[in-house]
Amino acid sequence: MEDIPYINELDLKGKRVLIRADFNVPLDEKGNISDDTRIRGVLPTINYALDEGAKVILASHLGRPKGKFIPEMGLATVAKRLGRLLGKEVKMAPDCVGDEVKTIINYMGQGEVVLLENLRFHQEEEKNDETFGKQLAELCDVFINDAFATAHRSHASNIAITHHVPECAGGFLMNKEMSYFEKALGNPMRPLVAIIGGAKVSGKIEVLENLIDKVDKLLIGGGMAFTFLKARGYDVGKSLVENDLLDMAGKIIEKAKTKGVKLYMPVDCVAADRFDAAAETKVVAIQEIPPDWMGLDIGPATTMLFSAALEDAKTIVWNGPMGVFEMDAFSRGTYAMVTTVANSYAVTIVGGGDTDVAIHRAGDSAKISYISTGGGAFLELLEGKDLPAISALHKNKVKQREVT
Ligand code: AMP
């Protein structure tokens with residue numbers, strides 16, 4: 001993993017510190033924030049910068065305004081919530097670049113906080129435009145990237161800006177995400193067990209290929225298991241199968257064998273006569289799915305099999321639900337896994353997509369060692385890729401070393 005400096009290694013006193021955060025929070029129909037986890041996640045970095053005597057400038061995107069000014073996607077609600085969480089005023093800037101913003105920042109005192117308006121109101125942000133990155137850079141002396149959830153994107157506020165600010169570093173959230181990931185896949189306590197579920201194999205081929213090289217056991221559940229089961233020769237009725245990926249699934253099964261990785265797949269499932277919360281259902285062995293039925297959750301025997309496979313785990317990485325957990329009738333398998341993982345003595349790391357939703361709903365989030373705040377970014381790490389935002393901070397560090 002590329003090494004980068006973190007905020008606590010820099011002198012922030014009296015400096016203008018621009019923190020790229022991910023305040024892309026969910027909003028309800030009235031425009032109120034329905035979950036402020038992402039805002040809370042950045043508080044340690046903001047508070048640290050304030051304690052060190054910095055002038056704190058915050059930047060984020062919200063939604064997908066695609067380069068247009070859309071008032072409903074403004075960050076004023078975030079400023080209000082953040083102000084309440086910090087116990088101090090967070091001033092809202094009318095834009096994220098330009099003369100008016102510069103003037104506001106020029107008048108900032110130590111210990112003050114300004115939130116810039118939605119970065120994506122400018123199309124240059126998503127284009128990683130160099131001039132836009134430079135305009136953002138002109139607002140600060142130090143750049144801190146704490147937006148892990150956006151770290152897989154190459155945008156101006158996490159890449160181009162680093163070309164124009166000499167002092168750049170990651171924030172505490174970025175540090176936490178990267179170090180837990182390192183604990184999980186870089187240098188894990190073994191046995192390392194991965195649980196991969198969710199809808200399709202196609203979205204997770206690279207994840208599976210990368211994990212096969214690293215884990216001791218791999219548990220495959222969710223819709224994607226049926227492509228693997230079919231590749232093994234089972235008739236899985238109308239279950240979700242990607243026929244074009246049967247060869248690929250077969251290769252992954254072979255690779256697991258060659259590498260000595262223990263591969264676990266469902267032995268039974270909750271089958272339904274249609275994809276519907278009110279469908280007729282029955283628990284059947286995997287060999288006995290009726291031709292017109294589909295498997296929408298793992299069954300009780302699979303839950304026991306998977307739980308037993310997790311018993312000696314020292315590290316567990318989990319991505320993707322075991323069934324269509326959004327419907328009560330097909331949620332039991334996922335919730336049973338939540339209980340097993342939550343009560344395990346292993347280091348448990350969950351991320352990417354819907355798995356965290358199931359854990360929060362089960363009320364077990366406090367029992368998980370770490371729940372990643374990034375969906376796409378976490379998946380890219382699972383795929384074995386470098387994150388562009390981390391690479392940019394790393395390159396900046398190398399460049400600074402050459403200069404000094
Ligand atoms: P992903 O984003 O790939 O992690 O997929 C998450 C989605 O997979 C959830 O919305 C689940 O409803 C869906 N899913 C899980 N198991 C199945 C299944 N057996 N058949 C169809 N969809 C499933």
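Okay, some housekeeping. Residues are numbered from 1 along each chain as its sequence is written, and side-chain values use heavy atoms, with hydrogens and water left out. Since the model is predicted, local features need pLDDT of at least 70 and side-chain atom pairs count only at pLDDT 80 or more, while totals for chains, interfaces and linings use all residues.

Let's start with the domains. The assignment gives us domain 1 (7-172 + 386-403) and domain 2 (190-345); bounds like these come from an automatic or database domain assignment. The C-alpha centres of domain 1 and domain 2 are 39 Å apart.

Now, the inside. By a nonpolar core I mean a set of buried Ala, Val, Leu, Ile, Met, Phe, Trp, Tyr and Cys residues joined through side-chain atoms within 4.5 Å. Buried is under 20% relative accessible area, exposed is over 50%, and partly exposed is in between, using a 1.4 Å probe and protein chains only. The largest core here has 80 residues, and L116 and L218 have the most contacts inside it. Helix α6 (residues 172-186) gives the most to this core, with 7 residues. Helices (H or I, at least four residues) and strands (E, at least two) are DSSP runs, numbered from the N terminus. Both domain 1 and domain 2 put at least three residues into this core. Apart from it there's another core, of 31 residues, including L12, V17, F23 and A54.

On a 1 Å grid over the protein atoms alone, a cavity is a set of points where a 1.4 Å probe fits but cannot get out; a pocket is an open set with protein on both sides within 12 Å along at least five of seven lines; and lining residues have an atom within 4 Å of a point. Grid points are joined across faces, edges and corners, and a volume is the space filled by probe spheres set on the points.

The largest pocket comes to about 640 Å³. It's lined by 27 residues, with T37, H360, I371, S372 and T373 nearest its centre. Helix α1 gives the most to that lining, with 5 residues. The lining splits into 10 nonpolar, 12 polar and 5 charged residues. For those classes, Ala, Val, Leu, Ile, Met, Phe, Trp, Tyr, Cys and Pro are nonpolar, Asp, Glu, Lys and Arg are charged, and the others, Gly among them, are polar.

Last, the backbone. R190 and P191 are joined by a cis peptide bond, with omega about 5°, and P191 sits in the loop between α6 and β7 (192-196). K66 isn't a glycine, yet has a positive phi of about 50°. You'll find K66 in the loop between β2 (55-59) and α2 (76-86), and at 63% relative accessibility K66 counts as exposed. N128, also not a glycine, has a positive phi of about 55°.
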